[in-house]
Every structure is written in structure tokens, then in C-alpha cells.
Amino acid sequence: MAAAAAVGGASAGVVQNTGEEPLYVNAKQYHRILKRREARTKWEAYNKNPKKVKGYLHESRHKHAMKRPRGPGGRFLSSKELADMALQKQQQEQQQQTQAQQQNQTQQTVSQVQQQVQQQINAQNLNQNLNVINTANVQQVNPQTASQLSQQLLNQGVMQQPTQ
């Protein structure tokens with residue numbers, strides 16, 4: 001695999017590369033590259049143990065790092081960034097509280113308006129019923145015409161059905 005070419009009086013070695021073109025190295029370095037590759041394969045074969053290897057050296061440092069707040073990229077936040085985040089959170093909570101208060105106020109005003117409208121409707125119905133009764137009393141109609149008048153009022157929805 002080592003093809004030597006005369007380059008300025010020195011020979012160069014060719015190292016197979018995963019790329020398309022061969023990689024030319026100094027002939028003096030070629031043997032050392034091969035030795036490193038052999039050593040690396042031995043070392044990788046030796047270190048592939050079935051036991052689990054911890055990703056950290058000290059348990060206490062790992063616990064401390066796990067408790068620290070992290071940013072969106074996973075890096076630790078500085079004290080200034082923590083203060084900024086706390087301020088933003090507090091402002092958001094205040095905005096939510098003011099929105100809730102505004103919603104409560106609008107609900108109260110809507111219910112008050114609905115009550116006022118209902119009271120006005122009840123008052124109008126009462127006035128209409130009283131007017132009908134007063135006109136019937138003034139005319140002093142006979143019982144047959146009074147019953148006809150009450151039937152007409154019931155049909156129109158002005159008067160409610162009398163309970164017996």
C-alpha cells in the first residue's frame with residue numbers, strides 16, 4: 001500500500017483515506033501512523049467493557065451541576081441572566097393578575113347590566129298589565145267581554161296565565 005515517489009530526494013508514503021483521493025504523507029511519518037492505528041484499535045478493543053462507565057468523576061460535582069439552572073442551549077446561566085429571568089417571570093405574573101382582574105370587572109358589569117335590563121322588562125310588563133286592568137275597570141264591561149279581553153291579552157303575551 002505504500003507507494004513511494006521521489007519528491008525532492010525524499011520518498012513519500014500513501015495512506016488510504018476514506019475520501020476519493022489518496023493522502024500523501026512523509027515517508028518518515030508513515031510507519032508511525034501505522035503503529036498509532038494499531039495501538040488505537042488495541043486500546044478501543046480493551047476499553048469496550050460491558051460495565052457501565054460514569055460520565056463524570058465526582059458524584060458531588062455531578063449533583064451540583066444537575067441542580068444548576070440551564071439556558072435554552074443547555075449551558076449554565078449566569079447570575080445576571082437568572083435575575084433577568086426572575087424579573088420577566090414576575091412581570092408575566094403581574095400581567096396575568098391584571099388580566100384576571102379586568103375579566104372579573106367586565107363580568108360584574110355585564111351581570112349588572114343584565115339585571116338592570118331584566119328589571120326594566122319586568123317593570124314594563126307590570127305597567128302593561130296594570131294598564132289593561134285599569135281600562136277594563138273603567139269600561140266596566142260585562143263578564144263575557146272581560147273574559148274575551150283577558151283571552152286576547154293572553155294570546156298577545158301581555159298578561160300571564162292566572163294560577164287557580
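**Close-up views of a predicted model**

View 1. Isoleucine 121 is partly exposed, with a relative accessible area of 36% (buried is under 20%, exposed over 50% and partly exposed in between, with a 1.4 Å probe and protein chains only). This is a predicted model, in which local features need pLDDT of at least 70 and side-chain atom pairs count only at pLDDT 80 or more, whereas totals for chains, interfaces and linings use all residues. Residues are numbered from 1 along each chain as its sequence is written, and side-chain values use heavy atoms, with hydrogens and water left out. Isoleucine 121 belongs to helix α3, which covers residues 79-139 (helices, H or I of at least four residues, and strands, E of at least two, are DSSP runs numbered from the N terminus). Together with Val113 and Val117, Ile121 forms a nonpolar surface patch with about 220 Å² of accessible area (Shrake-Rupley method, 1.4 Å probe; patch residues have over 30% relative accessible area and no salt bridge, nonpolar side chains being joined within 5 Å and like charges within 9 Å).

**View 2. The salt bridge between arginine 75 and glutamate 81.** The structure holds 1 salt bridge, and its partners are arginine 75 and glutamate 81, whose closest N and O atoms are 3.1 Å apart (a side-chain nitrogen of Lys or Arg within 4 Å of a carboxyl oxygen of Asp or Glu). Arginine 75 is exposed at a relative accessible area of 51%, while glutamate 81 is partly exposed at 26%.

View 3. Arginine 37 sits in helix α1, residues 27-46, and is partly exposed, with a relative accessible area of 37%.

**View 4. The chain as a setting for these views.** The chain has 4 helices and 3 strands, which follow the order β-β-β-α-α-α-α from the N terminus on. Of its 164 residues, 7% are buried, and the chain exposes about 15,200 Å², of which carbon and sulfur atoms supply 51%.
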